[in-house]
Structures are given as C-alpha cells and as structure tokens.
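Me: Please take a close look at one part of this model, a pair of packed helices. Then go on to the elements around it and to the backbone spots worth checking.

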Amino acid sequence: MNRGNPLTQEEEERYARHLALPSFGMEAQCRLKESSVLCIGAGGLGSPATMYLAAAGVGRIGIVDADTVDASNIQRQLLHVTSDVGRSKIQSAGDTLLAMNPNVELDLHEERFEPENAMALAKGYDLLLDGSDNFPTRYLSNDVAVLLRIPNVHGSIFRFEGQVTVFAPHMGAPCYRCLFPDAPSEGAVPD
Ligand SMILES: [Zn+2]
C-alpha cells in the first residue's frame, strides 16, 4: 500500500507517539493518512470526533453543517470558541481543525444533510460519522452508509448518558434500521 516513507519529516515528528506505538507504527499512520471520513454535524459529537481525527492524521475530513455558532453551543462544542458566536459553524470548524493539523484536507459543506444531497456528499468517503441531533438525519445517515457499503459510526447522548455504536452492515452486521425499524413519533423522544 505504501511505497517508501510517504510521511514528511514534520509528520514524523507530529505522529511520533503513534509511530512508536507497537502494532500501530508507520503502516497504520499511513493508512490514516489515506483515509477519509465524513462527519455529519459540527456540534457536540462532531467537535471532539473531528478534532481527534484531525489531530491523529486522518487524511481527508468532510463536515456537513448549515448552522451558525450560538452562545449556548460553546459549553460543549469544542470546535467553536467565544469569538465564533454568530459565525458559520463550518467556517469555525475549518479554522480550528486547520490550526490543529494543516496536513489534513478539509471538505467544508455548509448545507444540511438531506435526502436530496446525502448520497452525493457521502460518496467517496471511507466512513460516515453520524453526529446529528435528530432522527430523520440519523436514519438518512444509516441508509446512505448501507447503500455505499461503508461503516456508520453513530453516537448519541441524553443528559448524563452516552452511546456509541459502529454499524457495519456491509460486513453482515445489522444496521440502525434493523435495530430500530420505526423512528419514534415526533416529540416522543427529546432531540
Ligand atoms: Zn438493516
């Protein structure tokens, strides 16, 4: 997969702790560099997820979000700081991630993840990361991952509880829709 050493000297220094990690090393670091992830949402889940992915050296990170930063976001949405209030979340996220790791290629999609654009947005990525905060987007993210035969990493929280699940239906495992065939009726479960 990798011929020679495809990391620059700057990258070797940056990822030194990965490279020194037994059973990780150069091969895994290069695989991260060749990998791509699309994250739906630059909020409470998308923030730590994309920050760790960028810091770790995932080569291409896409983010989809149409919102602007609100003062009530800052307490948990770590991509955005106080001076970002009122800015587009995508622009704010891009600045933070680029400052963190300029080696990462960012695809910033300032739009909603909707049935009309979802397949086109997700095509070409190795993995979908569902950081959405509502059920229609959650089901859409699942369906797109099933159709594209890529894993869908799904996270959700409620107050003091959190869940994270890796759905890999293309490897014979059930998808989100297999587990929960019917979305809850509107208002039955808080976003
Ligand atoms: Zn299924």
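Reply: The crossing of H4 and H5 is right-handed. A crossing gets that label if the near helix is turned clockwise from the far one by less than a right angle, and left-handed if anticlockwise. Helices here are DSSP runs of H or I with at least four residues, strands are E runs of at least two, and both are numbered from the N terminus.

The model is predicted, so local features need pLDDT of at least 70, side-chain atom pairs count only at pLDDT 80 or more, and totals for chains, interfaces and linings use all residues. Residue numbers start from 1 along each chain as its sequence is written.

Now the geometry. Two packed helices are described by the angle between their axes and the distance between the axes. H4 covers residues 46–56 and H5 covers residues 89–100. Their axes come within 9 Å and cross at roughly 30°. Each axis is a line fitted to C-alpha atoms over the stretch in contact, and angles run from 0 to 180 degrees between N-to-C directions. H4 and H5 are therefore roughly parallel. That class takes angles under 35 degrees; over 145 is roughly antiparallel, 65 to 115 roughly perpendicular, and the rest oblique.

Which residues of H4 and H5 meet? From H4 come Thr 50, Met 51, Ala 54 and Ala 55; from H5 come Ala 93, Leu 97 and Met 100. Contact means C-beta atoms, placed from the backbone, within 7 Å. The residues of this contact divide into 6 nonpolar, 1 polar and no charged. Nonpolar covers Ala, Val, Leu, Ile, Met, Phe, Trp, Tyr, Cys and Pro; charged covers Asp, Glu, Lys and Arg; the others, Gly among them, are polar.

H4 also has buried residues: Gly 46, Ser 47, Ala 49, Thr 50, Leu 53 and Ala 54. Buried means 20 or more other C-beta atoms within 10 Å of the residue's own, exposed means 12 or fewer, and partly exposed lies in between. Against what do the buried residues of H4 pack? The partners are S1, strand S2 (60–64), H5 and S4. Just after H4, Gly 57 takes a positive phi of about 105°.

Arg 138, Leu 140, Ser 141, Asn 142, Val 144 and Ala 145 are buried in H7. They pack against several elements, including strand S1 (36–40), strand S4 (127–130) and helix H6 (118–122).

Leaving out residues up to four places away in sequence, Thr 137 touches Ile 40, Phe 113 and Ser 132. Glu 114 is 23 residues from Thr 137 in sequence, yet their C-alpha atoms are 7.2 Å apart. Glu 114 sits in the loop between strand S3 (105–109) and H6.

Two loop residues deserve a backbone check. Ser 23, between helix H2 (16–19) and helix H3 (25–33), has a positive phi of about 70° although it is not a glycine. Ser 23 is exposed, with 6 C-beta neighbours inside 10 Å. Arg 159, in the loop between S5 and S6, has a positive phi near 50°. Arg 159 is exposed, with 6 other C-beta atoms within 10 Å.

Conventions. Two residues are in contact if their C-beta atoms, placed from the backbone, lie within 7 Å.
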